[in-house]
Amino acid sequence: MNIKKTILMRVRTVFLVGAIFAVAIGYRIFHIQYVDGSEWRAKYNSFSKKEIKATRGNIYADDGSLLATSLPLYRLGFDPSVANKEEKLMKIFRKGVDSLSILLSQKFKSYPPSYYKNLLIDAQQDHKQFLYLSRGYSLNYRDQQEMMKWPIFREGKNKGGVIFEKIYRRFHPFKELAFRTVGFINEDNFGAGLESSFNQMLSGVNGQATYQRLAGGISRPIFDGTEIRPVDGYDVYSTLNVNIQDVAEASLLKSLIQSNAKFGCVIVMEVATGEIKALANLGLEEGKYVEKYNYAVGMKHYPGSTFKLASYMAMIEDGKVRLSDTVATGNGKWKVGKQPITEAKGHAYGNISVKDAFAKSSNVAVSKLLVKHFKSRPEKFLQYITNFGLAEPLNFQIRGEERPFFRSPSDKRHWNDAALAKMSFGYEAEITPLQTLAFYNAVANGGKMIQPIIVKEVRSNDKVAKSFTPKVIREKICSDETLVAVKEMLEAVVQHPKGTGHKIKSDLFRIAGKTGTAHKFENGHWVANAYYTSFAGFFPADKPKYSAIVIIDSPQFGMMAGEAAAPVFKDIADKIYAGDVEMHQMLATKEAADDVPVIAGGKYEELHDICNKLKISNYDRDTAIAEWVFPGMKANRAVYWKSNKMELNTVPDVHGLCLRDAVYLLENFGYRVRTVGRGKVISQSPQAKRSLDKGSTIIVTLG
């Protein structure tokens, strides 16, 4: 055979093999498409791509305490068809099904062991590939580790059929603390607070995995290596201080209950930085005060007499008014056109100085002066309002801030001298509590208005991805001379014996601020005996570190701002001052007298024995004295004991205890303890009598 025939034979062979292979492929395609097509389409349609949620970032307080985090939880799934793969696996299933059923019944407490046994055996015999065993029950990591030791499950996924599907749930270690400020986000990306405003950064980037749909509408994840790993969200570091937030909420709640008010809010800001240290909002719902709306940021209202600061500041800055000037307020009644202007509670101040008029919150004085000096040039007054930073929103980091409103002279229908007069003491204008506070904070900060911030940094794995520094809105809202004058006026509100804030005068530090009481206007009419009360200010007045505003809406019993809102400010300021070792040198206790030593709280038996040995007279004030007590002092060097009763499932009161006793008590109640300073306990956060999960951290401040 020559070479030509050999080559030709080989070519024909290759062609024949190729033709046979092509026919085989064509037949297989035809068979798959038309003979087995429905089966393959069903299998294809049983698989789908689903998102794997990224782990949501954490939200932290200013000291690193967790305010919100995502805890990994699990849903328990089971593939009973694994037992059908080989006889060895079937023996494992049959041997362990009874014990497994008992353990499942004990764990979930929903059904008896017989239910689980029948469920597992029926699913195995029906060759079911997946069923959920933990419906309505989320498992934590400890549960998962425990279950991996159970019969059948201990063989793992491939031999035991156990499947732990990871899910994440949002958890708030401090429970209701700053609940609305921290906020929430739902599956439709609707939410509020930091969770909503920083949702894009917190949420991360979702991944993707393949899921197989099984009978009964159940899907199970298929980890085949094609899944896309999710990218976890960033962590948000807020400016909130857990201790100050706790103090603010507790003081606000106490006042709301006492005054039977509709709602209230508190904001505490650090003067120099504009950092929000507390943001509390409580409203009445079904007989209980809860955080349901961010009044501090999203509600504009008539500011009332807190706005008098802006009115007087404009007149002083314009060179028209001095503190020593006298105003004739007569019998406390004055008419601007047909609009009557009256003093609160029918007061009549007669001839009064500007400083005293501000301290006593005279409506007639401020309206007379403002109309006199700006009647012919109201635009100039409104320009001062703009210069003071009150006319524009603050662009706060939490969404929902309302835009300020001020009646304009261009509104010919509503503008007249009466509108200017009413604006002087907080009507014909609407601003939010946060906007009012930013203005007062600027006065405390030497005239520099800073944009309030509540988030300092956004981090990823401890690396700063984005930082937020204080933004200066106005470098100087007025002259230094004007600042000196208005600060003196603000102090007079509290220091003057007849000032509207005289009840909150402190012997330890000076408070500067202003009360505000505005009649409520709702649904087109004035509401009888309903007032919006507020107090805005800063402390210590001589060297301000914190500014704050308190709002109490519709307090009952005829309470005005000096009785409803101002005491809350004082309570918060006192507690912040007591817990801030940098603000003052701790004063010796006033209860100690003569040569009686300062006595801390503690165990009754120990303190009673020590006093007896030192020959210090002591007695029990309570009929049934508790194991732990607080000391009190009476005349003639006598000490009496007040019971410090402990309640289960609530934080014990360790105020006044020495460090040893405080740590002993808190740790026995299941809490972790972090201490600041030296001495005996002067404050604790969260405060006593609050419900808190075991294992949470209690911050104890000593002094």
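Axes are lines fitted to C-alpha atoms, for helices over the stretch in contact, and angles run from 0 to 180 degrees between N-to-C directions. This is a predicted model, in which local features need pLDDT of at least 70 and side-chain atom pairs count only at pLDDT 80 or more, while totals for chains, interfaces and linings use all residues. Residues are numbered from 1 along each chain as its sequence is written, and side-chain values use heavy atoms, with hydrogens and water left out. Helices (H or I, at least four residues) and strands (E, at least two) are DSSP runs, numbered from the N terminus.

**Helices α12 and α18**

- The axes of α12 (residues 308-317) and α18 (residues 480-495) cross at roughly 145° and come within 10 Å.
- The crossing of α12 with α18 is right-handed; that term applies if the near helix is turned clockwise from the far one by less than a right angle, and left-handed if anticlockwise.
- On the α12 side, Leu309, Tyr312, Met313, Ile316 and Glu317 are in contact (heavy atoms within 4.5 Å) with Thr482, Ala485, Val486, Met489 and Leu490 of α18.
- The residues of this contact comprise eight nonpolar, one polar and one charged, where Ala, Val, Leu, Ile, Met, Phe, Trp, Tyr, Cys and Pro count as nonpolar, Asp, Glu, Lys and Arg as charged, and the others, Gly among them, as polar.

**Helices α14 and α16**

- α14 (residues 363-374) and α16 (residues 417-424) have axes that come within 8 Å and cross at roughly 130°.
- α14 and α16 are therefore oblique to each other; angles under 35 degrees count as roughly parallel, over 145 as roughly antiparallel, 65 to 115 as roughly perpendicular and the rest as oblique.
- Val366, Ser367, Leu370, Val371 and Phe374 of α14 make the contact with Asp417, Leu420, Ala421 and Ser424 of α16.
- Six nonpolar, two polar and one charged residues form the contact of α14 with α16.

**A three-stranded sheet**

- Three strands form an open sheet in the order β31-β33-β32, with mixed pairing; two strands pair if DSSP finds at least two bridges between them.
- β31 (672-676) and β32 (681-685) are at the edges with a single partner strand each, so one side of each has no neighbour in the sheet.
- From one strand to the next, the twist averages 25°.
- β31 pairs with β33 (residues 697-702) in the parallel sense over five bridges.

**Lys520**

- Lys520 lies in strand β24 (residues 512-522).
- Lys520 counts as buried because its relative accessibility is 11%; buried means under 20% relative accessible area, exposed over 50%, and partly exposed in between (1.4 Å probe, protein chains only).
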